[in-house]
Amino acid sequence: TSFGFRGRGHFSMTINDKQLQHYRDHGYVIIENFLTPTELSKARDEVEDFIPGWLDYTANPRLPKPLNWDETPRSRRQMRFPFKGEQLNAVTLHPEMRRLASLMVGHDDLFCEQSDLTYKCKGHYADQDQPMHLDYVNHTLVYPPKDPSYWQTAFLVYYTDVDLHQAPTAVCSWQHYHDEILWPAAYTKEDRPGLYDAEVKVTVPAGSLLAYSMRTFHRGTRFLEEAARVGHFITYAPSAYRWLGILGWPEQGVYKSFSEWMSKATPAERELIGFPQPGDPYWTSETLAGVAARYPELDLGPYT
(Lines give C-alpha, C1' and ligand atoms only; values in the text may rest on other atoms or scores of the structure.)
Protein backbone atom coordinates (compact mmCIF):
# COMPACT_ATOMS: atom_id res chain seq x y z
CA THR A 1 0.00 0.00 0.00
CA SER A 2 1.28 3.45 -0.86
CA PHE A 3 0.12 6.61 0.89
CA GLY A 4 2.13 9.04 -1.21
CA PHE A 5 4.07 10.96 1.44
CA ARG A 6 7.75 11.78 1.59
CA GLY A 7 10.03 12.77 4.43
CA ARG A 8 12.86 15.27 4.28
CA GLY A 9 16.00 13.76 2.82
CA HIS A 10 16.61 10.18 1.68
CA PHE A 11 15.40 7.23 3.75
CA SER A 12 15.40 3.61 2.65
CA MET A 13 12.39 1.32 3.05
CA THR A 14 13.48 -0.63 6.12
CA ILE A 15 10.23 -2.16 7.43
CA ASN A 16 9.19 -5.28 5.52
CA ASP A 17 5.89 -7.15 5.24
CA LYS A 18 6.93 -9.86 7.71
CA GLN A 19 7.67 -7.24 10.34
CA LEU A 20 4.38 -5.46 9.69
CA GLN A 21 2.53 -8.74 10.14
CA HIS A 22 4.38 -9.42 13.40
CA TYR A 23 3.11 -6.09 14.70
CA ARG A 24 -0.47 -6.97 13.69
CA ASP A 25 -0.21 -10.40 15.32
CA HIS A 26 1.61 -9.43 18.52
CA GLY A 27 1.15 -5.69 19.07
CA TYR A 28 4.85 -4.95 18.70
CA VAL A 29 7.84 -5.48 16.42
CA ILE A 30 11.60 -5.17 16.94
CA ILE A 31 13.52 -3.87 13.92
CA GLU A 32 17.29 -4.12 14.24
CA ASN A 33 19.48 -1.54 12.48
CA PHE A 34 16.48 0.58 11.56
CA LEU A 35 18.62 3.69 11.12
CA THR A 36 21.40 3.77 8.54
CA PRO A 37 24.94 4.21 9.89
CA THR A 38 24.90 7.84 8.69
CA GLU A 39 21.55 8.59 10.33
CA LEU A 40 22.72 7.01 13.58
CA SER A 41 26.04 8.86 13.57
CA LYS A 42 24.38 12.24 12.98
CA ALA A 43 21.78 11.56 15.66
CA ARG A 44 24.48 10.58 18.17
CA ASP A 45 26.38 13.81 17.40
CA GLU A 46 23.27 15.78 18.38
CA VAL A 47 22.70 13.62 21.47
CA GLU A 48 26.25 14.43 22.59
CA ASP A 49 25.50 18.15 22.27
CA PHE A 50 22.29 17.70 24.26
CA ILE A 51 23.60 15.46 27.06
CA PRO A 52 27.42 15.63 26.99
CA GLY A 53 29.30 12.56 28.20
CA TRP A 54 26.42 10.09 28.16
CA LEU A 55 27.42 8.30 24.97
CA ASP A 56 31.04 7.92 26.11
CA TYR A 57 29.88 6.55 29.46
CA THR A 58 27.50 4.15 27.74
CA ALA A 59 30.37 2.82 25.64
CA ASN A 60 32.70 2.54 28.64
CA PRO A 61 31.04 2.49 32.09
CA ARG A 62 34.47 2.41 33.73
CA LEU A 63 34.63 6.13 33.00
CA PRO A 64 33.25 8.64 35.52
CA LYS A 65 29.51 9.09 35.19
CA PRO A 66 28.37 12.14 33.20
CA LEU A 67 28.11 15.47 34.97
CA ASN A 68 24.80 15.82 36.87
CA TRP A 69 23.83 12.23 36.04
CA ASP A 70 21.80 12.06 39.26
CA GLU A 71 20.00 15.35 38.69
CA THR A 72 16.45 15.99 39.84
CA PRO A 73 14.07 14.50 37.26
CA ARG A 74 13.84 16.74 34.21
CA SER A 75 10.50 17.66 32.73
CA ARG A 76 9.64 15.89 29.49
CA ARG A 77 9.19 19.37 28.03
CA GLN A 78 12.94 19.97 28.41
CA MET A 79 13.80 16.91 26.31
CA ARG A 80 11.34 16.99 23.42
CA PHE A 81 10.95 18.02 19.79
CA PRO A 82 11.94 20.31 18.20
CA PHE A 83 15.59 19.66 18.97
CA LYS A 84 18.55 21.86 18.14
CA GLY A 85 20.01 20.50 14.91
CA GLU A 86 18.42 18.43 12.16
CA GLN A 87 18.86 14.69 12.66
CA LEU A 88 16.82 14.10 15.85
CA ASN A 89 14.02 16.09 14.23
CA ALA A 90 14.38 14.03 11.05
CA VAL A 91 14.16 10.80 13.07
CA THR A 92 11.02 12.16 14.76
CA LEU A 93 9.38 12.53 11.36
CA HIS A 94 10.92 9.41 9.80
CA PRO A 95 8.74 8.36 6.84
CA GLU A 96 9.14 4.65 7.64
CA MET A 97 7.69 5.13 11.12
CA ARG A 98 4.86 7.13 9.61
CA ARG A 99 4.34 4.38 7.02
CA LEU A 100 4.05 1.71 9.71
CA ALA A 101 1.58 3.80 11.71
CA SER A 102 -0.38 4.57 8.54
CA LEU A 103 -0.62 0.92 7.55
CA MET A 104 -2.03 0.09 10.97
CA VAL A 105 -4.84 2.68 10.82
CA GLY A 106 -5.42 2.40 7.05
CA HIS A 107 -4.64 6.01 6.09
CA ASP A 108 -1.94 8.65 6.53
CA ASP A 109 -3.97 11.38 8.25
CA LEU A 110 -1.72 11.30 11.32
CA PHE A 111 -0.02 13.62 13.75
CA CYS A 112 3.14 13.15 15.76
CA GLU A 113 1.99 13.37 19.37
CA GLN A 114 5.30 12.68 21.13
CA SER A 115 9.04 13.02 20.56
CA ASP A 116 11.12 12.81 23.78
CA LEU A 117 14.75 11.96 24.38
CA THR A 118 15.24 9.38 27.15
CA TYR A 119 18.43 8.42 28.95
CA LYS A 120 19.33 6.62 32.16
CA CYS A 121 22.10 4.69 33.91
CA LYS A 122 22.50 2.45 36.95
CA GLY A 123 21.48 4.42 40.03
CA HIS A 124 19.63 7.05 37.96
CA TYR A 125 16.12 7.97 39.13
CA ALA A 126 14.73 6.08 36.12
CA ASP A 127 16.69 2.90 36.99
CA GLN A 128 13.82 0.72 38.19
CA ASP A 129 11.86 -2.41 37.44
CA GLN A 130 8.55 -1.03 36.24
CA PRO A 131 5.32 -3.00 36.51
CA MET A 132 3.89 -4.38 33.29
CA HIS A 133 1.75 -1.55 31.96
CA LEU A 134 -0.07 -0.04 29.00
CA ASP A 135 0.74 3.50 27.86
CA TYR A 136 -2.77 4.63 26.98
CA VAL A 137 -3.52 6.16 30.39
CA ASN A 138 -1.66 9.35 29.44
CA HIS A 139 -2.14 9.10 25.65
CA THR A 140 -5.95 9.12 25.45
CA LEU A 141 -8.86 10.45 27.49
CA VAL A 142 -10.79 7.23 27.00
CA TYR A 143 -9.81 3.65 26.05
CA PRO A 144 -7.87 2.10 23.12
CA PRO A 145 -10.30 -0.11 21.16
CA LYS A 146 -9.50 -3.12 19.01
CA ASP A 147 -10.69 -1.11 15.99
CA PRO A 148 -7.38 -0.18 14.28
CA SER A 149 -8.74 3.11 12.94
CA TYR A 150 -8.11 4.49 16.46
CA TRP A 151 -4.66 2.97 16.95
CA GLN A 152 -1.74 5.02 18.23
CA THR A 153 1.70 3.62 17.44
CA ALA A 154 4.61 4.22 19.81
CA PHE A 155 8.26 3.88 18.85
CA LEU A 156 11.47 3.65 20.86
CA VAL A 157 14.62 4.34 18.83
CA TYR A 158 17.83 3.18 20.51
CA TYR A 159 20.90 5.38 20.04
CA THR A 160 23.10 2.99 22.05
CA ASP A 161 23.47 -0.79 22.22
CA VAL A 162 21.17 -2.55 24.67
CA ASP A 163 22.20 -5.87 26.21
CA LEU A 164 20.55 -7.82 29.02
CA HIS A 165 22.47 -5.89 31.68
CA GLN A 166 21.60 -2.50 30.12
CA ALA A 167 17.99 -2.19 31.27
CA PRO A 168 16.26 -3.57 28.16
CA THR A 169 12.60 -2.83 27.58
CA ALA A 170 10.45 -5.93 28.16
CA VAL A 171 7.37 -6.43 26.00
CA CYS A 172 4.57 -9.04 26.07
CA SER A 173 2.66 -10.14 22.97
CA TRP A 174 -1.05 -9.42 23.07
CA GLN A 175 -1.56 -13.07 22.13
CA HIS A 176 -1.46 -13.60 25.92
CA TYR A 177 -4.40 -11.30 26.70
CA HIS A 178 -6.72 -11.47 23.70
CA ASP A 179 -10.31 -10.98 24.80
CA GLU A 180 -10.40 -8.83 27.90
CA ILE A 181 -10.97 -5.25 28.93
CA LEU A 182 -7.49 -3.82 29.43
CA TRP A 183 -7.98 -2.36 32.89
CA PRO A 184 -6.17 -2.09 35.23
CA ALA A 185 -3.50 -0.71 32.93
CA ALA A 186 -0.64 -1.99 35.14
CA TYR A 187 0.11 -5.22 37.02
CA THR A 188 2.85 -6.25 39.42
CA LYS A 189 4.48 -9.64 38.97
CA GLU A 190 2.59 -10.89 42.00
CA ASP A 191 -0.72 -9.76 40.54
CA ARG A 192 -0.23 -11.26 37.08
CA PRO A 193 2.92 -13.39 36.72
CA GLY A 194 1.91 -14.70 33.28
CA LEU A 195 2.66 -11.34 31.67
CA TYR A 196 6.18 -11.45 33.06
CA ASP A 197 6.73 -15.10 32.18
CA ALA A 198 5.89 -14.33 28.53
CA GLU A 199 7.92 -11.12 28.21
CA VAL A 200 10.56 -10.59 25.53
CA LYS A 201 13.52 -8.37 26.41
CA VAL A 202 14.54 -5.98 23.63
CA THR A 203 18.30 -6.45 23.29
CA VAL A 204 19.45 -4.69 20.13
CA PRO A 205 22.35 -2.81 18.55
CA ALA A 206 22.33 0.97 18.39
CA GLY A 207 20.10 2.29 15.62
CA SER A 208 17.36 -0.26 16.22
CA LEU A 209 13.65 0.33 16.75
CA LEU A 210 10.87 -1.04 18.93
CA ALA A 211 7.32 -0.29 17.76
CA TYR A 212 4.33 -1.09 20.00
CA SER A 213 0.69 -0.22 20.55
CA MET A 214 -1.33 1.31 23.36
CA ARG A 215 -2.81 -2.18 23.85
CA THR A 216 0.61 -3.80 24.40
CA PHE A 217 1.91 -4.58 27.89
CA HIS A 218 5.55 -3.63 28.39
CA ARG A 219 7.89 -2.34 31.09
CA GLY A 220 11.28 -0.84 31.76
CA THR A 221 13.77 -3.06 33.60
CA ARG A 222 16.57 -2.30 36.03
CA PHE A 223 20.30 -2.16 35.18
CA LEU A 224 22.10 -5.29 36.33
CA GLU A 225 25.54 -3.66 36.42
CA GLU A 226 27.16 -0.29 35.76
CA ALA A 227 25.81 0.78 32.38
CA ALA A 228 23.66 3.34 30.59
CA ARG A 229 21.46 3.68 27.53
CA VAL A 230 20.02 6.50 25.42
CA GLY A 231 16.85 6.37 23.36
CA HIS A 232 14.07 8.39 21.77
CA PHE A 233 10.31 7.94 22.33
CA ILE A 234 8.13 8.89 19.34
CA THR A 235 4.38 8.32 18.96
CA TYR A 236 1.98 8.77 16.05
CA ALA A 237 -1.81 8.97 16.25
CA PRO A 238 -4.71 9.44 13.83
CA SER A 239 -5.42 13.16 13.68
CA ALA A 240 -9.23 12.95 13.55
CA TYR A 241 -9.70 12.27 17.27
CA ARG A 242 -9.30 15.11 19.74
CA TRP A 243 -9.09 12.73 22.71
CA LEU A 244 -5.69 11.36 21.64
CA GLY A 245 -2.21 12.74 22.29
CA ILE A 246 0.24 12.90 25.19
CA LEU A 247 0.81 16.65 24.71
CA GLY A 248 -2.82 17.45 25.52
CA TRP A 249 -5.18 16.70 28.39
CA PRO A 250 -4.55 12.92 28.27
CA GLU A 251 -1.15 13.67 29.84
CA GLN A 252 -3.03 14.36 33.07
CA GLY A 253 -4.72 10.96 32.97
CA VAL A 254 -2.24 9.39 35.38
CA TYR A 255 -3.55 11.58 38.22
CA LYS A 256 -6.43 10.60 40.51
CA SER A 257 -7.65 14.20 40.62
CA PHE A 258 -8.15 14.16 36.86
CA SER A 259 -10.11 10.90 36.97
CA GLU A 260 -12.28 12.37 39.70
CA TRP A 261 -13.00 15.46 37.60
CA MET A 262 -13.83 13.33 34.55
CA SER A 263 -16.37 11.35 36.57
CA LYS A 264 -18.11 14.48 37.89
CA ALA A 265 -18.08 16.56 34.70
CA THR A 266 -21.08 16.87 32.40
CA PRO A 267 -20.88 15.50 28.85
CA ALA A 268 -20.64 19.08 27.56
CA GLU A 269 -17.76 19.84 29.93
CA ARG A 270 -15.92 16.69 28.92
CA GLU A 271 -16.48 17.52 25.26
CA LEU A 272 -14.70 20.86 25.74
CA ILE A 273 -11.45 19.03 26.52
CA GLY A 274 -11.84 16.60 23.60
CA PHE A 275 -13.80 13.67 25.08
CA PRO A 276 -15.86 11.91 22.34
CA GLN A 277 -19.44 13.16 22.10
CA PRO A 278 -22.52 11.03 22.72
CA GLY A 279 -23.37 9.38 19.43
CA ASP A 280 -19.79 9.41 18.14
CA PRO A 281 -18.89 6.22 16.21
CA TYR A 282 -16.16 5.66 18.81
CA TRP A 283 -18.78 4.39 21.25
CA THR A 284 -19.18 0.61 21.00
CA SER A 285 -19.86 -2.14 23.52
CA GLU A 286 -16.09 -2.59 23.91
CA THR A 287 -15.23 1.08 24.42
CA LEU A 288 -18.15 1.58 26.80
CA ALA A 289 -16.87 -1.34 28.87
CA GLY A 290 -13.30 -0.04 28.72
CA VAL A 291 -14.22 3.51 29.76
CA ALA A 292 -16.47 2.13 32.51
CA ALA A 293 -13.52 0.13 33.85
CA ARG A 294 -11.22 3.14 33.73
CA TYR A 295 -13.77 5.61 35.19
CA PRO A 296 -16.13 3.50 37.33
CA GLU A 297 -17.93 6.58 38.73
CA LEU A 298 -18.65 8.12 35.32
CA ASP A 299 -22.26 7.98 34.16
CA LEU A 300 -22.13 6.45 30.68
CA GLY A 301 -25.87 6.76 30.12
CA PRO A 302 -25.52 9.61 27.59
CA TYR A 303 -23.01 7.56 25.56
CA THR A 304 -24.91 4.27 25.28
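Predicted model: local features only at pLDDT ≥ 70, side-chain atom pairs only at ≥ 80, totals over all residues.
A residue is called buried when its relative accessible area is under 20%, and exposed when that value is over 50%.

Select Arg 219, which you will find in strand S9, the strand made of residues 218-219. Because its relative accessibility is 10%, Arg 219 counts as buried. Show its side chain next, and look for the polar contact of 2.8 Å that it makes with the side chain of Glu 199, and then for the polar contact of 3.3 Å that joins it to the side chain of Asp 129. If you leave aside the neighbours within four places in sequence, the residues in contact with Arg 219 also include Gln 130, His 133, Pro 168, Tyr 196 and Lys 201.

Now move to Leu 164, which lies in the loop between strand S4 (153-158) and strand S5 (170-171). Select Leu 224 together with Leu 164, and you will see two residues that are 60 residues apart in sequence but 7.9 Å apart in space, from C-alpha to C-alpha. Apart from its neighbours within four places in sequence, Leu 164 is in contact with Lys 201, Thr 203 and Leu 224.

For the last stop, select helix H7, residues 256-264, and colour Phe 258, Met 262 and Ser 263, which are buried. These three lie on the same side of H7, because they cover an arc of only 140 degrees around the axis. Turn to the other side of H7, where Lys 256, Ser 257 and Lys 264 are exposed.

Technical notes
Residues numbered from 1 in each chain as written. Heavy atoms only, no water. Helix = DSSP H or I, 4+ residues; strand = E, 2+ residues; numbered from the N terminus. Buried < 20%, exposed > 50% of the residue type's maximum accessible area, 1.4 Å probe, protein only. Polar contact = N/O pair within 3.5 Å; in protein donor to acceptor, adjacent residues only side chain to side chain. Contact = heavy atoms within 4.5 Å. Arc of directions from axis to C-beta.
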